[in-house]
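Me: Please take a close look at a single part of this structure and describe how that part sits among its surroundings. I am new to it.

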Amino acid sequence: MSCRKYQKWLYLNRSGELNPGQIEKLNKHIESCSSCRQLKKRITQAGLVIHSLRVSEPVLQQPDRIADKVMNMIRSEVSERKKLKRFSPNAAGDLITHLSRIRFHLATVLIFLAFAILFEESMVLKRIVKLENRMTRITNKMEAQKTTLPKSELPNRMILSGTKRSVILESINEDYIIIKKADLDHFIQTIAHSKYFGNIAINQWKRMNPEIQIFFDDSTLNAAEIRQIQHTHPGILDRIKIL
Amino acid sequence: MSEQNDNLIIQCREGDTGAFRKLMEKYQTYVFSVAFRFLCNEEDARDIVQETFIRIWKHIGRYNFQQKFTTWLYTITTRLCFDKLRNRKRQRNLKKIHETEHPESGPDIEKTFQNREIAILITRFAEELTPKQRMVFILRDLQDLTIQEVSGILNMPVHSVKSNLYYARKNIRTRIEKWEKCHEL
């Protein structure tokens with residue numbers, strides 16, 4: 001064991017601070033270690049000063065004055081309590097006295113409760129309005145889809161272009177998907193990580209046109225790039241066919 | 001002794017102010033001693049004595065007879081001392097006692113000097129300690145309480161008490177040595 005541990009023990013060597021095992025180990029170590037012996041001496045010397053501080057107790061001057069002051073405060077409190085009792089002729093009187101004391105607190109609690117109820121109601125109303133708006137939006141959307149996208153006019157080709165954050169559907173009236181070469185990486189990532197476009201938009205589109213296949217524009221890809229995609233994203237082949 | 005205390009406390013609970021005065025006379029010097037050693041200021045320590053006993057009177061119904069009365073007393077005292085120190089720091093008027101405090105005049109001038117000497121030494125040696133280290137040192141080394149008692153009063157695990165004590169003693173030893181060197185020169 002290092003000296004550091006023993007040095008800590010040397011500082012904690014007053015009765016009851018170390019267990020007998022620790023004391024024995026410490027004593028053995030001190031016998032063989034001169035620096036720890038030296039430290040023990042210095043701690044003992046400092047201990048003498050601390051001892052003198054322990055022995056010289058601070059003196060409370062005029063203790064009666066403090067006692068009198070405290071007793072006066074206590075007595076006045078006790079007599080006030082007694083007065084309250086004396087003035088209330090019966091239990092009903094006591095109750096009234098207590099009620100008058102706590103009526104302020106009761107009023108505070110009631111005001112707080114009223115505010116809490118009002119707040120809660122306004123929150124519920126807000127939620128209902130939100131839900132209604134949402135329902136209206138969904139209904140409008142469904143109706144618009146029914147009218148603008150009849151099955152005969154469903155899209156059969158997509159041209160995709162990309163931004164830094166997402167792949168955007170530009171046109172949906174062709175037989176296959178054309179991906180701009182510059183956006184390819186991002187498109188692959190999007191589909192590979194099952195983000196919005198990969199999972200939802202393409203699947204929905206395919207559901208509407210089960211016979212449709214999604215292609216990349218062969219003019220934008222060379223054979224090495226296609227191999228690279230197949231190698232880095234094998235799962236993508238389930239979703240996309242590359243010409 | 002504890003049986004006598006218990007009787008006094010039971011009487012206090014029944015509203016006996018005489019019994020409370022006896023209890024106060026018995027223990028006010030202990031409270032003063034801890035408060036003075038911690039705050040190093042006589043006026044503040046007297047305030048602590050007053051506040052401690054008023055608090056004891058108010059909450060005597062909450063006293064648990066399983067616990068030692070002195071432990072409860074010291075717990076209240078130490079909490080008030082910590083609060084006082086915090087307030088003092090807030091007010092930014094923590095003055096070095098040996099620079100600012102002047103002995104009061106009056107018949108107890110010797111006692112005042114004795115207190116002043118103690119305050120100067122404690123301030124000098126324990127100046128750099130954190131409030132916790134300082135309180136642990138005062139309760140263990142100056143009030144001579146056991147580690148377990150200190151742990152109960154400060155609501156601190158025994159190992160934390162020992163750790164605080166170690167750092168306090170180490171720091172104080174260094175300061176004592178420096179002080180002794182200065183005196184030799």
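Reply: Helices (H or I, at least four residues) are DSSP runs, numbered from the N terminus. The model is predicted: local features need pLDDT of at least 70, side-chain atom pairs count only at pLDDT 80 or more, and totals for chains, interfaces and linings use all residues. Residues are numbered from 1 along each chain as its sequence is written, while chains are lettered from A and ligands numbered from 1 in the order in which they are written.

On the H7(B) side, B:Arg134, B:Met135, B:Ile138 and B:Leu142 meet B:Val34, B:Arg37 and B:Phe38 of H2(B); contact requires C-beta atoms, placed from the backbone, within 7 Å. These residues divide into five nonpolar, no polar and two charged (Ala, Val, Leu, Ile, Met, Phe, Trp, Tyr, Cys and Pro count as nonpolar, Asp, Glu, Lys and Arg as charged, the others, Gly among them, as polar).

Ten of the twelve residues of H7(B) are buried, so this helix is largely enclosed by the rest of the structure. Buried means that 20 or more other C-beta atoms lie within 10 Å of the residue's own. Among the buried residues are B:Gln133, B:Val136 and B:Asp141. After H7(B) comes B:Asp144, with a positive phi near 65°.

How values were computed: Contact = placed C-beta atoms within 7 Å. Helix = DSSP H or I, 4+ residues; strand = E, 2+ residues; numbered from the N terminus.
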